[in-house]
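My plan is to look things up one at a time and write down what I find.

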Amino acid sequence: MSDTAMAAAGLGKRFGRRKGWALRECAFRLPAGRVCAVVGPNGAGKSTLLAHAAGLLRPTEGTLTVLGTSPAAARERMAYVAQDKPLHPQLTVAETLRWGREMNPRRWDRAVAERVVADGALDLDAKIRVLSGGQRTRVALALALGKRPELLLLDEPMADLDPLARHELMGTLMADAAEHGTTVVMSSHVVAELEGSCDHVLLIGSGRVRLAGPLDDLLTAHTLVTGPAADLDGHTVIESRTTGRQTTALIRPGGRLAGTWQRTTPTLEELVLAHLRSPEAPSLHLDSDDADDPAEPVEAAV
Amino acid sequence: MVEYRIDRRTGVATYLQIVQQTKQALRLGLLEPGDKLPTAREVVAATAINPNTVLKAYRELEREGLVEARRGLGTFVRKSLGAAPADSPFGAELADWADRARAAGLERDDVAALFNSVLDTHFKGDQG
């Protein structure tokens, strides 16, 4: 699958002329079939980016294409679940699903929607307003997945859910991705819980793309080194801390690493935190068109 | 059927955990030739991990000749591993030995250390 689910070039957004840029010079490419985490601190521009993909906002400059076309033209083939998950509080679960079918007469997959609801053991006759946050999210997800979208956009889907509900909903999402090859793009500021589920990452900081690419490639492009304080010339140092005689640093190796350094591959959380603590660190894009055949990572000679 | 447990803190890659747990089930006779592995959908629904991780693990098992993917049907065990199913005489003897070690006051760590040291002596040079 070399299809592109989402691609941005020079994407910028400014709300009103006096305000700053919410997004600036964003460029990335997300291949179809991936589960992509859009991570970054609150206010970084994650929601703004998703709203552009959903066709709810127009770029001030640059372009964003979705499923090979404009967001407006792709509307039928994608689903978007906003952070506040708008549902009609007076409808029952069953009525909500019927409403979903009426809204999407050509694409509605009743079996999929009903299974998502059944997996959560929801009472079909319960009104939306009496449901818990996790149950509401499940109904919103049922509406979105019942549309059988090629691209599913989720804005902070797991916020305000307890750990069990998060795990169950993520399981439901992954099962749908496994069965239908749905491309999933979800934003979150809780990074650790996404690590096992996503295989592609977009890190947004201050409206810019800081990291973009397949998760494994991004992790192996970085090394966490620990050792007696020494210079790291020749490597790109993202973050470095020295305590007494010991230095800990997250680097992008630029060649041979001295043998005195102990090295490990960072976790996604370590990678994200180091970049957020170092706003000046250069961005890294590993999602160019030939990303299916990534450049050999620099071999760290012992 | 096996059920995979994913531990995110071990530092072992998730797909390797699936490979190792499958091999463990093959060694213990919990999986036998002809048995079907859970579908990627079933695994990810229970564990919330990425589907591609499961597929990667199954590809690795297939590459090692342990399982085969049958188009549209699923992934099936081709051959078992080792000769020590859970109910073999060796298992019973080991359980008996462990009981005696415990009765003699050995702790779990002592037993593990002892067992590993015997393993190292008797299976020197063999692949783990």
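**Entry 1: B:Thr53**

I began with B:Thr53. Leaving aside its neighbours within four places in sequence, I found B:Thr53 in contact (heavy atoms within 4.5 Å) with B:Thr14 and B:Tyr15. B:Thr53 sits in helix H3 (residues 51-63) of chain B. Helices here are DSSP runs of H or I with at least four residues, strands are runs of E with at least two, and both are numbered from the N terminus. Is B:Thr53 buried or exposed? It counts as buried, because its relative accessibility is 17%. The scale I used: buried is under 20% relative accessible area, exposed is over 50%, and partly exposed is in between, with a 1.4 Å probe and protein chains only.

**Entry 2: ground rules**

I noted that this is a predicted model, where local features need pLDDT of at least 70 and side-chain atom pairs count only at pLDDT 80 or more, while totals for chains, interfaces and linings use all residues. Residues are numbered from 1 along each chain as its sequence is written, chains are lettered from A and ligands numbered from 1 in the order in which they are written, and side-chain values use heavy atoms, with hydrogens and water left out.

**Entry 3: chain B as a whole**

I listed the elements of chain B and got five helices and two strands. From the N terminus on, they run α-α-α-β-β-α-α. The C-alpha atoms of chain B fill a box of roughly 55 × 30 × 30 Å along the principal axes. Chain B has 128 residues, and 28% of them count as buried. I also looked at contacts in chain B with a separation of 6 or more; residues 24 or more positions apart account for 55% of those.

**Entry 4: B:Ala69**

Next I looked up B:Ala69, which lies in strand S1 (residues 67-70) of chain B. B:Ala69 counts as partly exposed, because its relative accessibility is 45%. Not counting residues up to four places away in sequence, B:Ala69 touches B:Glu62, B:Gly74 and B:Thr75. I also checked B:Arg59, 10 residues from B:Ala69 along the chain: their C-alpha atoms are separated by 8.6 Å.

**Entry 5: cores**

In soluble globular proteins, nonpolar side chains tend to be buried together. I searched for nonpolar cores, meaning sets of buried Ala, Val, Leu, Ile, Met, Phe, Trp, Tyr and Cys residues joined through side-chain atoms within 4.5 Å. Which residues touch the most other members of the largest core? Of its 75 residues, they are A:Leu173, A:Met186, B:Leu37 and B:Tyr58. Leaving aside neighbours within four places in sequence, B:Tyr58 is in contact with B:Tyr4, B:Ile18, B:Leu37, B:Pro38, B:Val43, B:Val67 and B:Thr75.

**Entry 6: where the chains meet**

I counted 17 residues of chain A in contact with 13 residues of chain B. The two chains bury about 1100 Å² between them, 49% of it on carbon and sulfur atoms. Buried area is the accessible area (1.4 Å probe) that two parts lose on being put together, summed over both. A:His167, A:Ala175 and A:Gly196 supply 35% of the area that chain A buries against chain B, more than any other three residues.

How many salt bridges are there between chain A and chain B? The count is one. A salt bridge needs a side-chain nitrogen of Lys or Arg within 4 Å of a carboxyl oxygen of Asp or Glu. Here A:Glu179 meets B:Arg41, at 2.8 Å, N to O. The pair crosses from helix H5 of chain A to helix H2 (residues 40-47) of chain B. A:Glu179 is partly exposed, with a relative accessible area of 40%. B:Arg41 is also partly exposed, at 23%.

**Entry 7: salt bridges elsewhere**

Over all chains, I found 14 salt bridges. A:Glu61 forms one with A:Arg24, the closest N and O atoms being 3.5 Å apart. A:Glu61 lies in strand S4 (residues 61-66) and A:Arg24 in strand S2 (residues 21-31) of chain A, so the pair ties together parts 37 residues apart in sequence.

I then looked up A:Glu239 and A:Arg277, whose side chains meet at 2.6 Å, N to O. A:Glu239 is in strand S11 (residues 236-243) and A:Arg277 in helix H7 (residues 268-277) of chain A, 38 residues apart. A:Glu239 is buried, with a relative accessible area of 14%, whereas A:Arg277 is partly exposed, at 48%. Last, salt bridges that share partners join A:Arg115, A:Glu179 and B:Arg41 into one network.
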